[in-house]
Amino acid sequence: MTAGDVVERIRKNVGVPWRDATYRDTFKAGGPATPVTGIATTAFASFDVVRRAVAEGLNMIVPHEVTFWNDRDDAAIVSSDPLYTQKLDFLTRNNVVIFRMHDHMHDQRPDFLYVGSARELGLDAKYETAPGSHRFTIQETTLGRLAAEVKKRVGARALRVVGNPNARVSRIQLGVGYATPSVNDAAIDVVISGEQQEVDGGFDNPEYVLDAVELGIPKGWIMLGHAVSEEAGMLEMAQWIGRFVTEVPVRLIKAGEPFWAPR
Amino acid sequence: MTRVSRREFVRLGAAGAVAAPLVLDPTRARAAAPTAQDVVDRIRKSLGVEWRADTVDTFKAGDPSAVVTGIATTSLATIDVMRRAVKAGANMIVTSGPTFYSRADRPTPPAGRGRGAAAPPAPDPVFDAKNQFIRENNLVVWRFSDHWRLRTPNPFTTGLIDTLGWTRNRATDDPLRVIVPSMTLESLVDNVNGKLNARGGMRVVGNRQLRVRTIGFVPGSVAIQTTLSVLPRVDALIAGEIREWESSEYARDMVSEGLPRALILLGRTLSEDPGMKVCAEWLATVVPDVRCRWMPVGDPYWRPA
């Protein structure tokens, strides 16, 4: 089977109209004619993920995020860097095909990124206020205890928190990746998500929470990191692809958290 | 998740004009204390940077005609900073970051997601309290971000280098780079962490045992283009914030391919704190008739054990 066959089956099964104008969900290496020996899903098609996939005999990679360090995987931005050439050469030499699944994963219902992150965080469906709301009411705890529990569950070394550790919280709004909800909604205490621009965005949660702390209003903001936040759901993606691509192995190869933090 | 609204909001490497020599109007200096608008006028005249039409450097709250009793500079105009300013007798805040939690910096909350742009925003106790505090204390808030970072050399960078104790280690050919006695990445990170009093915001991509001598700096927000141009030329790059689908993935690939490089992220606010200390010192020369103080914000983040 070819990469084109795999993409065709993805399109047929995704359950939402295909966005023909997408620049994200396209081939980043190889093309539809490349024969596929196995499929690896991942958060980022990092050089390390590519090497591990090749070593495991999987020559098709389906990342949620980028391959060449910018959202459009625009070669013009990166092509003067020798590492770009090195990565591209490695992909070509090993007959690797990369097809990104981003926009359509977020369109799909359920959005596996939320399913995976909630699973990893232990936010079971019974806690969700309404299906698909990504809003969970848990037993009241402190922000400090919640953050410690989250860190233990997702294993993120460089997880970051803003808020008073003693604030009493129970209502969590889950975001994924860069899609970080605003924490000023009166119906939520804590936002857990992947990443957010700290300052100068559409709504700067960090500054808002700092002010809420000063006023004694219980608010919290827990950032897992983009890769940690969205990688869990790539397991669901692998399982989903495995349902209609049965000819080759399909599995998750984790890019993992890129960061460490000082003690 | 859409990313259509993303903007490049930092342009590093843009050539700023050479700072004009300070010329203070003596009649003005002897006259009554300046208004907030006077302070801004003097800044514009003395900065040596051409003023842009499209800028966030505008008044965000208060009355520009208010007489200034003191100036507090900061990287983020939080309520905590405002309280400290009032306690110190300052009624003008000069901030490199927003006041009202967004680039738009409007004193009312944005319409909530899914509520539609036409719907009035829900009442918000944090916005209300901040506006009330500003009103009750007659504060004037002015943002100083776009133009302050255009000064040459970039004061956010020199301030950060000074705070880290490397003023004398600046490279002769580039004031924005330092050369330090060889140390491991791990000890560099511990050193920076301690000097900046970082609580939990610092994050690192790189091999802990990497030997570091040459260090580059890009405080603030950093686009991939900047990282691509700086990181290959240094052992370690100390940056404010990046996008995690850009610079940290690039650094990850460098490290996994054995290139001797590291990326150290401080967070935007912590990375800009020292530059606003420089701003207070500079303002004291531009507005000598008013007391200027720096109000550091510190590291907003913590990490569970």
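This is a predicted model: local features need pLDDT of at least 70, side-chain atom pairs count only at pLDDT 80 or more; totals for chains, interfaces and linings use all residues.
**A walk through a two-chain model**

Residues are numbered from 1 along each chain as its sequence is written, while chains are lettered from A and ligands numbered from 1 in the order in which they are written.

Back at A:His134, phi is near 55°, a positive value in a residue other than glycine. A:His134 sits in the loop between H6 and strand S5 (135-142) of chain A. Helices (H or I, at least four residues) and strands (E, at least two) are DSSP runs, numbered from the N terminus. A:Asn95 also has a positive phi, of about 55°, although it is not a glycine. You will find A:Asn95 in the loop between helix H4 (82-93) and strand S4 (97-99) of chain A. Is A:Asn95 buried or partly exposed? A:Asn95 is partly exposed, with 15 other C-beta atoms within 10 Å.

Two peptide bonds are worth a stop as well. A:Arg109 and A:Pro110 are joined by a cis peptide bond with omega of about -5°, and A:Pro110 belongs to the loop between helix H5 (103-107) and helix H6 (112-121) of chain A. In chain B, the bond from B:Thr152 to B:Pro153 is cis, with omega near -10°. B:Pro153 lies in the loop between strand S4 (140-143) and helix H5 (155-163) of chain B.

Now step back to view chain A as a whole. Chain A has ten helices and ten strands, and its C-alpha trace spans about 60 × 40 × 35 Å along its principal axes. For 263 residues, a compact globule would have a radius of gyration near 18 Å, and the 19 Å of chain A agrees with this. That radius is taken over C-alpha atoms, and the globule rule is 2.2 Å times the number of residues to the power 0.38. Of the 263 residues in chain A, 55% count as buried. Among contacts in chain A with a separation of 6 or more, 70% link residues 24 or more positions apart; two residues are in contact if their C-beta atoms, placed from the backbone, lie within 7 Å.

Follow the strands next. From strand S8 (residues 190-193) of chain A, A:Val190 and A:Ile192 point one way and A:Val191 and A:Ser193 the other, and all are buried. Two strands pair if DSSP finds at least two bridges between them. S8(A) runs parallel to strand S7 (residues 168-174) of chain A, joined by three bridges, and A:Ile172 stands opposite A:Val190. S8(A) is also parallel to strand S9 (residues 220-223) of chain A, through four bridges, and there A:Ser193 has A:Met223 as its bridge partner. S9(A) pairs with S6(A) in the antiparallel sense over four bridges, with A:Arg160 opposite A:Met223.

What do the two chains bring to their contact? Chain A gives 59 residues and chain B 56 residues. On the side of chain A that touches chain B, H8(A) gives the most, with eight residues. By class, this side has 31 nonpolar, 13 polar and 15 charged residues. Ala, Val, Leu, Ile, Met, Phe, Trp, Tyr, Cys and Pro count as nonpolar, Asp, Glu, Lys and Arg as charged, and the others, Gly among them, as polar.

The largest nonpolar core holds 127 residues, and among those that touch the most other members are A:Ile39, A:Ile222 and B:Ala236. Such a core is a set of buried Ala, Val, Leu, Ile, Met, Phe, Trp, Tyr and Cys residues joined through C-beta atoms within 7 Å. Beyond its neighbours within four places in sequence, B:Ala236 is in contact with residues including B:Leu185, B:Val212 and B:Ile264.

Finally, consider confidence. The predictor gives the complex an ipTM of 0.98 and a pTM of 0.93. The mean pLDDT of chain B (the predictor's confidence in each residue, from 0 to 100) is 90, and 87% of its residues reach 70 or more. Over residues 1-21 of chain B, pLDDT stays under 50, as is the case over residues 26-30 of chain B.

Methods: A residue is buried if 20 or more other C-beta atoms lie within 10 Å of its own, exposed if 12 or fewer, and partly exposed in between; C-beta atoms are placed from the backbone.
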